[in-house]
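My entries follow in the order I looked things up.

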Amino acid sequence: MVTAESGGSRPSLTARRKAATQVEIARAAARLFAERGVDNTTAEDIAAAAGVALRTFYRYFRTKQDAVAPLLSTGAQHWRDALAALEEPVGDGGPTPGLPEAVERSVVDALTPGGPEEERALEWTRALLRAAREDATLRTVWYRVNQESEELLVPLLAAAAGRPDDDLTVRLAAAAVTDAIRLSMETWSAGDAPPGGEDGPAALAARCLHALAGGLPDLLR
């Protein structure tokens with residue numbers, strides 16, 4: 001999966017280098033966690049595998065588990081960017097029949113691997129979520145990433161629906177959609193289905209979103 005820029009001015013060279021370093025550290029952490037397990041991996045191991053000094057590691061991350069957050073948040077950033085790219089609101093404060101389709105399309109696109117690199121990223125995510133079941137700190141990172149994603153989703157859904165950010169239905173929809181995707185990823189990660197296909201995360205997310213669209217109030221109805 002590729003993290004798209006979310007609009008506005010292009011990040012500075014320093015910001016892009018910082019982001020690139022964080023992703024490299026995250027990839028090294030995910031790889032080592034998958035190979036050795038969380039308990040048998042140290043921050044020093046991750047820094048060495050990423051080719052950075054230990055002080056650089058701690059400049060970006062407080063713990064070894066924190067290091068994987070950039071990988072866990074990449075897919076969510078991708079589909080939020082797709083929603084942010086909507087030029088006009090789908091609704092005007094009333095029912096918004098086009099918004100469920102826009103949300104589903106952006107989520108499915110983000111979770112559908114487009115090649116070996118994206119398949120590998122999903123497999124890393126699977127390994128991390130499996131490890132999180134046994135590591136409370138890693139599980140906390142996963143939940144924090146989802147909470148942050150929910151908070152970032154609220155203004156995007158509000159803009160797409162033509163509603164204020166503090167609208168209760170918008171906040172409910174953001175929470176429900178975020179949890180639907182979280183559950184889809186956790187369900188897929190618990191099994192051995194390939195990243196693509198009818199049992200992949202994109203297909204599971206689409207099924208969850210269809211169920212939500214039939215049960216939520218008018219924003220997603």
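These notes go from the confidence values to the overall fold, then to one helix pair and one arginine.

**Entry 1: confidence.** I am working with a predicted model. I checked the pLDDT first. The mean for the protein is 86, and 86% of the residues score at least 70. Helix H2, residues 43-50, has the highest confidence, at 97. H4 has the lowest, at a mean of 84.

Entry 2: I searched for runs where pLDDT stays under 50. Residues 1-8 form one such run. The model still gives residues 1-8 19 contacts beyond four places in sequence. Residues 93-97 also stay under 50. For residues 93-97 I found 11 contacts beyond four places in sequence.

**Entry 3: fold.** Which elements make up the protein? I counted 9 helices and 0 strands. Read from the N terminus, the order is α-α-α-α-α-α-α-α-α.

Entry 4: The protein has 221 residues, and 43% of them count as buried. I looked up the accessible surface next. The total is about 11,200 Å². Carbon and sulfur atoms hold 51% of that surface. Then I turned to sequence separation. Of the contacts with a separation of 6 or more, 71% join residues 24 or more positions apart.

**Entry 5: H4 against H5.** How do these two helices pack? H4 covers residues 69-84 and H5 covers residues 99-111. Their axes are 8 Å apart, at an angle of about 140 degrees. I noted the crossing as right-handed. From H4, the residues in contact are Gly75, His78, Trp79, Ala82 and Leu83. They meet Ala102, Val103, Ser106, Val107, Asp109 and Ala110 of H5. I sorted this contact by class and got 7 nonpolar, 3 polar and 1 charged residues. I keep in mind that H4 is also the element with the lowest mean confidence, 84.

**Entry 6: Arg182.** I picked out Arg182, which lies in helix H8, residues 168-190. Is Arg182 buried or exposed? Its relative accessible area is 15%, so Arg182 counts as buried, the cut-off being under 20%. What does Arg182 touch beyond four places in sequence? I listed Trp142, Tyr143 and Asn146.

How values were computed
Residues numbered from 1 in each chain as written. Predicted model: local features only at pLDDT ≥ 70, side-chain atom pairs only at ≥ 80, totals over all residues. Heavy atoms only, no water. Helix = DSSP H or I, 4+ residues; strand = E, 2+ residues; numbered from the N terminus. Buried < 20%, exposed > 50% of the residue type's maximum accessible area, 1.4 Å probe, protein only. Contact = heavy atoms within 4.5 Å. Areas by Shrake-Rupley, 256 points an atom, 1.4 Å probe, with all protein chains shown as cover. Axes fitted to C-alpha atoms, helices over the stretch in contact; angles between N-to-C directions. Left-handed = near helix turned anticlockwise from the far one by under 90°. Nonpolar A, V, L, I, M, F, W, Y, C, P; charged D, E, K, R; others polar. pLDDT = per-residue confidence, 0-100.
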